[in-house]
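Please keep the structure in view while going through the numbered points.

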Amino acid sequence: MKIKFLLAISLVFLFTVPVLAQNNAKKILDRLYCPSGQMPVQDAVIELEEMSADGSTGKMSLSSKDKIYFKKNCRIRIDVVISDPGGQLDGRQMTIIRDGTHAFHYLSTGQYPVKKKLDIPSAPLNMLFGVMQYPQDAANTYSIVGTEVIDGVKTAKISIKNGSSEKTVWVDPKRLVPLKLELESQKGKDKVKKTVVYKEIGMTKDGRYIPMKLEKYTNGTLTELIVYKALVINTDINDDLFTPMEKFLK
């Protein structure tokens with residue numbers, strides 16, 4: 001009887017631990033940017049400057065000034081003012097509107113989209129990690145695969161898998177803010193490793209910890225630098241900002 005009891009306990013343990021690990025990982029990600037019980041991020045407006053590295057010298061220079069509007073679950077609008085001194089597009093504005101199904105690209109000189117395509121269910125890396133959610137994310141599995149110290153902070157290393165794709169994010173479990181993200185994408189026959197390191201963690205007026213500087217690496221080489229200049233969260237953004245694409249849906 002005692003052996004049967006111990007066996008039953010062992011089986012419960014074997015099946016329970018993975019479930020607890022997934023639940024704990026998902027719980028951390030669901031609470032990102034909400035360390036004191038704040039309401040989850042429903043919408044956000046972010047103003048940023050993007051610096052890009054020259055392909056030959058690696059020198060950073062301003063490539064655009066962007067304003068991002070996000071509204072849950074996956075509506076996003078990005079107004080981009082291009083910086084290309086001496087180039088034809090310098091000072092021109094481009095607007096990208098994505099709704100999870102369609103993506104539209106506009107230039108300031110035209111009323112109609114210069115590009116229309118299906119939206120890829122993946123958040124821009126310039127965005128706050130984890131706030132955009134797509135229906136496909138319901139198939140995600142989550143697990144804490146270890147811990148790692150980043151900038152003196154002990155982080156939870158969380159794996160997010162969906163089919164054959166996987167991304168890994170390192171989260172400060174106390175401040176509930178990501179400090180690093182890694183994922184791979186396919187470019188032709190080659191795999192490209194993308195890494196985002198989140199820096200200069202600041203605090204919003206309502207007590208959320210937010211990374212204000214993002215370093216983006218491609219295969220270990222720094223390629224872009226993003227600096228948030230202004231950010232507001234949960235201001236009930238007007239839906240009209242995301243509706244210009246509607247007349248092109250037919």
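1. Glu 224 and its surroundings. Setting aside neighbours within four places in sequence, Glu 224 is in contact with Glu 50, Met 51, Ser 52, Met 60, Leu 214, Glu 215 and Lys 216; contact here means heavy atoms within 4.5 Å. Glu 224 belongs to strand E13. Helices (H or I, at least four residues) and strands (E, at least two) are DSSP runs, numbered from the N terminus. Glu 224 counts as buried because its relative accessibility is 18%. The classes are: buried, under 20% relative accessible area; exposed, over 50%; partly exposed, in between (1.4 Å probe, protein chains only).

2. Basis of the model. This is a predicted model, in which local features need pLDDT of at least 70 and side-chain atom pairs count only at pLDDT 80 or more, while totals for chains, interfaces and linings use all residues. Residues are numbered from 1 along each chain as its sequence is written, and side-chain values use heavy atoms, with hydrogens and water left out.

3. Confidence. The term pLDDT denotes the predictor's confidence in each residue, from 0 to 100. The protein chain has an average pLDDT of 88, and 86% of its residues score at least 70. Two segments call for caution. Over residues 5-21 pLDDT stays under 50, and the model has four contacts beyond four places in sequence for them. Over residues 245-250 pLDDT also stays under 50, with 15 such contacts. Where pLDDT is low, the predicted coordinates should not be read in detail.

4. Overall composition. The protein chain contains one helix and 13 strands. Along the sequence, the order is α-β-β-β-β-β-β-β-β-β-β-β-β-β. Of its 250 residues, 36% count as buried. Among contacts between residues at least 6 apart in sequence, 44% join residues at least 24 apart.

5. Strands E11 and E12. In what sense do strands E11 and E12 pair? Strand E11 (residues 190-203) and strand E12 (residues 209-218) are antiparallel and share nine bridges; two strands pair if DSSP finds at least two bridges between them. Lys 199 has Lys 213 in E12 as its bridge partner. The two strands form a hairpin with five residues between them, and Gly 207 in its turn has a positive phi of about 90 degrees.

6. Strands E12 and E13. E12 also pairs in the antiparallel sense with strand E13 (residues 221-233), over six bridges. Opposite Tyr 217 stands Leu 222 in E13. This hairpin has two residues between the strands, and Asn 219 takes a positive phi near 50 degrees.

7. Backbone geometry in the loops. Most residues other than glycine have a negative phi, and most peptide bonds are trans. Against that background, the peptide bond from Lys 72 to Asn 73 is cis, with omega near 10 degrees. Asn 73 is in the loop between strand E2 (60-71) and strand E3 (75-82). Asp 151, which is not a glycine, has a positive phi of about 50 degrees and lies in the loop between strand E7 (141-150) and E8. Leu 176 likewise has a positive phi, near 55 degrees, and is found in the loop between strand E9 (165-172) and strand E10 (177-187).

8. Lys 161. This residue lies in strand E8 (residues 153-162) and is partly exposed, with a relative accessible area of 41%. Not counting residues up to four places away in sequence, Lys 161 touches Ala 139, Asn 140, Thr 141 and Glu 166. The C-alpha atoms of Lys 161 and Ala 139 are separated by 8.4 Å, although the residues are 22 apart along the chain.

9. Charges over rings. A charge sits over a ring if NZ of Lys or CZ of Arg is within 6 Å of the ring centre and within 35 degrees of the ring normal. The charged end of Arg 175 sits over the ring of Tyr 209, 5.8 Å from its centre. Lys 180 lies over the face of Trp 170, 4.6 Å from the ring centre.

10. Cysteines. A disulfide is a pair of cysteine sulfur atoms within 2.5 Å, and the count under this rule is zero. Cys 34 counts as buried at 4% relative accessibility, and Cys 74 counts as buried at 11%.
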